[in-house]
Every structure is written in C-alpha cells, then in structure tokens.
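Colleague: Could you walk me through some side-chain neighbours in this model? I am new to this, so please go step by step.

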Amino acid sequence: MYGQGPPITVETPIMLGLGGSGIRTFNRFTSVENGHAFVHVLTIPYNFSTKSQIGIVMPFVFNKPENTISSSGLGDLTLFAKYQLYKIDDIGKTFRITAKITQSIPTKSSSLQDPNNTKISQTYIGIIVGKLSTKTGIYGDFGYNLTNSGLTDNIIYNISFGFPLLEHQYPQKQVNLYLEVNGNYLIDPKRNVNFLSPGIQWIPGRRFLLEYSFQLPIFQDNSQINSTNFRSLIGIRFLIN
C-alpha cells in the first residue's frame, strides 16, 4: 500500500502490495429528495500476479423512503477483474494504465427487488490511469456500462487529485487530501450527474488505512425525479498478507 494513495471514490491502476490480498469495507449514506439510503459494502480483491487482480463486491442495502415502508437486504453482487497494460517507474514516481471489467450478478433479496425489473445485470468495461509521485497523485477512470432489462447504458468518468500532507517515509505514515469528481452520463434518456468529492485519508502503516469522503452534486439534470442532496462515505482498507 503506497503512502500516496489509493484514491477514495476513483479507481486505482496500482495492484495491492505485500502478498496480494486484502479487504475494503465502507459505509455510504445517500440523502435524496424523498428519503435516504445506507449501503455497507465489502470488497475482497486478490492478486494473481503483479499485473492481474480479481475480486468480489458485496453490498448490504438499507432503504428508507419517505411515507412508505423501509427495505433492507443483500444487493446485487459484482465480480471484477483488472489487468495492468502499461507501467513505467522512476525514482519517487510512477505512471500506470490498467484495464478493468466488472459483471454484476442479480442476487438482490426479495425486499429490495423492483417487481418490474427483478433481474438487472450490468457489464462495465473501462480504463484506469494513474500518475503518482511522492508529492501528488492524479488518477482517472473512464468506461462504458451496459445494462439489460431495457434500462439505459451509461458512461462513467471519474478523476482524482491526491495531495500528501506529510513527508514521504517508510514504513508508510501519511495523511492524504483528495479532490475528486465523479461523473455518470446516461445514454437514453440523456442525463448527466456530477459530484464534487473532497476527502481525507489516514495511513498509519503499510497494512491499514482509514478514509472519508463527502460528495456534493455540482450538476444534476432537472428531469430527474428523485435527485441527490449529498452522499458521505467512511471506510477502511486492510491488507491481509
């Protein structure tokens, strides 16, 4: 795990350090016009090699709409794979490009299912780019999300700027500030949503980090019925071996 990162709401092209397996878990609270939602996410990545990684994402969802019954349960699972396409390292800096593909599996509990769309699956194909040094980090991930059941496809685009506050040291002890932008463009009907996501990350050693991000919408299409007021995320990452 690098003292520079990884970013909080944007993908990283860098694979896990140490032995190559870990756990990421975080809680995301979302406030919308007609209620709120809470999601607890557990992500388990595993490295096959220094260039390839697979993993699974398991969300546990709690919905609280206004003036109606709450629902909770296991959301759809997501499987993902990463492969490093390009890497160039220098003293105190690196540039990397990684491809990523994800596949969601419809596993929602009955309490969360929409009676009109009970089996929604999505396939995402994207590219992750990162340019890091001991002073700054710039990350971006861009991709296309294909959705079945007659729902619209969408384009995902995210960018992150990371700023370490402490001098580079080993073992890693670092506090990082992040300024991130998260974008989602729906194809049909055409809708665009952008969030500005400042965050902070504390890395007390090489195996563990704690992170927090607060997301504010900077653009939402007015045609959206239930627009988002804000999101907040708090989580940890832990390297196992």
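**Rings and their neighbours**

Modeller: Let's start with Phe230, which is partly exposed, as its relative accessible area is 26%; partly exposed lies between buried (under 20% relative accessible area) and exposed (over 50%), using a 1.4 Å probe and protein chains only. Before we go on, this is a predicted model, where local features need pLDDT of at least 70, side-chain atom pairs count only at pLDDT 80 or more, and totals for chains, interfaces and linings use all residues. Residues are numbered from 1 along each chain as its sequence is written, and side-chain values use heavy atoms, leaving out hydrogens and water.

Colleague: How many aromatic pairs are there?

Modeller: Rings of Phe, Tyr and Trp (its six-membered ring) pair if their centres lie within 6.5 Å; planes under 30 degrees apart count as stacked, over 60 as edge-to-face and the rest as tilted. By this rule, the number of aromatic pairs is five.

Colleague: Is the pair of Phe38 and Phe62 stacked or tilted?

Modeller: The ring centres of Phe38 and Phe62 are 5.8 Å apart.

Colleague: Which strands hold Phe38 and Phe62?

Modeller: Strands are DSSP runs (E, at least two residues), numbered from the N terminus. The pair links distant parts of the chain, with the two residues 24 residues apart. Phe38 is in strand β2 (residues 35-47), and Phe62 is in strand β3 (residues 52-65).

Colleague: Is Thr147 buried or exposed?

Modeller: Thr147 belongs to strand β8 (residues 137-147). Its relative accessible area is 16%, so Thr147 is buried.

Colleague: Which side chain joins that of Thr147 in a polar contact of 3.4 Å?

Modeller: A polar contact is a pair of N or O atoms within 3.5 Å; within protein, one must be able to donate a hydrogen and the other to accept it, and residues adjacent in sequence count only if both atoms are side-chain atoms. The partner of Thr147 in this contact is Gln122.

Colleague: What is the distance from the charged end of Arg231 to the centre of the ring of Phe195?

Modeller: A charge sits over a ring if NZ of Lys or CZ of Arg is within 6 Å of the ring centre and within 35 degrees of the ring normal. Lys100 has its charged end over the ring of Phe80, 5.0 Å from the centre. For Arg231 over Phe195, the distance is 4.2 Å.

How values were computed
Helices (H or I, at least four residues) and strands (E, at least two) are DSSP runs, numbered from the N terminus.
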